[in-house]
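Q: I have a model open and want to go through its packing. Can you take me through it?

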Amino acid sequence: MTETQTKNSGPEFRAAAGALDGLREDLFRQAFAYRPLPPMSPDGRLIRRLPEGLRRAVVWTPHALVLFAAFIVMMIGFAEWDYRFLMGVVPAIPVAMTLVRPVAAFWASMAATVFCGILTGQLWGASAFAAQLVVLVVVAARTRPRAAAWMWLLTLLFGMLVEGGEPSVTAPLATLSAFALLVVAVVQIRRDAEREVTVQRTVTAVERDRRTLLEERTTIARELHDVVAHHMSVVAIQAEAAPYRVENPPPELEQAFATIRENAVAALTELRRVLGVVRAEDYEAPDAPQPTLAALDGLLDNVRETGLETEKVITGAVRELPQGVELSAYRIVQEALSNSLRHAPGASARVELSYVLGGLGLRVVNGPPQGLVKPSPGAGHGITGMRERVAMLNGEMTAGTTADGGYEVAVFLPVPLSEQPERSEQPERSESRDTAEGNGETAVIERVQDGRA
């Protein structure tokens, strides 16, 4: 019934109802809730620069300040002429309560003001005045600005009601507390705004990293298209030509090879369809085959022309690896050298390739920046791309600074023995683009079909 009346009432009534709800929420509901004041964060801009032992003590500075304020209020009460002990201790108790029960401390301060006024016959004694001012400021700092406004308004109404038409003490208290609460409100609003900005920056950084990750995966999918399409094309061609290598093949064998060819062609069609989904509108397919480690010398020559002294070291028996592994290794070296150019101008780099029984090891290390050229800042997307390529091949990667201030990228790409390509059955690399680009694999199959006819 009340909600219906509120919805059907005018804006003035709804505003008044909302204000009363705010008053009940801030000062009456859970007024005696236990809310201990937490210590300061040890990661603050100033605190984190202090020694460890001093940092542990400094985090309790707000508690020490509140207790010191309670001590000052008590000393002011002891200076009173009458009832010194009560005039000192009673107003100091609400000040200390602000550390654990802030809203209850406000009501306790109002009760202490009445108690001291009854003892001395004066509403705002010196200790009660100081205690009320401190409680208003501390509780406002621990709650929301709306609660501070309600406390200030109730204090003003209480003082005017008791003092009558001449609020000689209430007026100075209201003025001082208004300025103090304004400062506290500004600080709170600024702190909340900074916290919101920090949250938004964190969310933005997470979204940017996620978008970068998706872009890197899309790039990897585009680059591996030719490699996968080449192998599927070879499967389709060999399945089409296999029956001609057997004299009088049985119908079951011909049907089996026909099924293999159809599945290979269907897989190529789906592969092109998926690539069309992940391809950007402005993406242009490269005119040359995807690079492998055989083109690494050309990459190093180009890097040397830009001013980066680069050395290549190869250990182990050089052999041909699966095209996906060689493409990923080439891209990792390329990105690592690009990072060296951006972040370590004037330094030298070293590229190490280790052919081992279980795979390929990569290590790209550069020295610290040299000369007057400042390093270019980066967003770390290159490292993300490297990690994605390594994760795709179930490899391992570490990246970090070296002892001399340089940077090192170490990668291991596993290659099981069952995946080692045999040179006798491996087609020429120059054919990979012709058989994988667009509908080229279908054209090759059609040529085989024409020959069969």
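A: Residues 24 or more positions apart make up 71% of the contacts in the protein with a separation of 6 or more; a contact means heavy atoms within 4.5 Å. This is a predicted model, where local features need pLDDT of at least 70 and side-chain atom pairs count only at pLDDT 80 or more, while totals for chains, interfaces and linings use all residues. Residues are numbered from 1 along each chain as its sequence is written, and side-chain values use heavy atoms, with hydrogens and water left out.

Q: How many helices and strands does the protein have?

A: The secondary structure comes to 15 helices and 5 strands. These are DSSP runs numbered from the N terminus, with helices being H or I of at least four residues and strands E of at least two.

Q: And what share of the residues counts as buried?

A: Of the 453 residues, 35% are buried. Buried means under 20% relative accessible area, exposed over 50%, and partly exposed in between, with a 1.4 Å probe and protein chains only.

Q: How many aromatic pairs are there?

A: A search of the whole structure finds 3. One of them is F106 with W107: ring centres 5.2 Å apart and planes at 65°, so the pair is edge-to-face. Rings of Phe, Tyr and Trp (its six-membered ring) pair if their centres lie within 6.5 Å; planes under 30 degrees apart count as stacked, over 60 as edge-to-face and the rest as tilted.

Q: What about W124 and F158, how do their rings sit?

A: Their centres are 6.3 Å apart and the planes are at 85°, so that pair is edge-to-face. W124 is in the loop between helix 6 (102–120) and helix 7 (126–142) and F158 is in helix 8 (residues 145–163), so the pair ties together parts 34 residues apart in sequence. Both W124 and F158 are buried.

Q: Staying in helix 8, where does A147 end up, buried or exposed?

A: A147 is buried, with a relative accessible area of 3%.

Q: Now S127 in helix 7. What does its side chain reach?

A: The S127 side chain reaches the backbone oxygen of M87 at 2.8 Å. S127 is buried, at 0% relative accessibility. Leaving aside residues up to four places away in sequence, S127 touches V73, I76, G77, E80, M87 and P91.

Q: Change of topic: at what angle do helix 11 and helix 12 pack?

A: Helix 11 (residues 296–305) and helix 12 (residues 323–343) pack at about 10°, with axes 11 Å apart. Axes are lines fitted to C-alpha atoms, for helices over the stretch in contact, and angles run from 0 to 180 degrees between N-to-C directions. That makes helix 11 roughly parallel to helix 12; angles under 35 degrees count as roughly parallel, over 145 as roughly antiparallel, 65 to 115 as roughly perpendicular and the rest as oblique.

Q: Which residues meet there?

A: L296, L299, L300 and V303 in helix 11 meet Y330, V333, Q334 and L337 in helix 12. The contact residues divide into 7 nonpolar, 1 polar and no charged. Ala, Val, Leu, Ile, Met, Phe, Trp, Tyr, Cys and Pro count as nonpolar, Asp, Glu, Lys and Arg as charged, and the others, Gly among them, as polar.

Terms used. A polar contact is a pair of N or O atoms within 3.5 Å; within protein, one must be able to donate a hydrogen and the other to accept it, and residues adjacent in sequence count only if both atoms are side-chain atoms.
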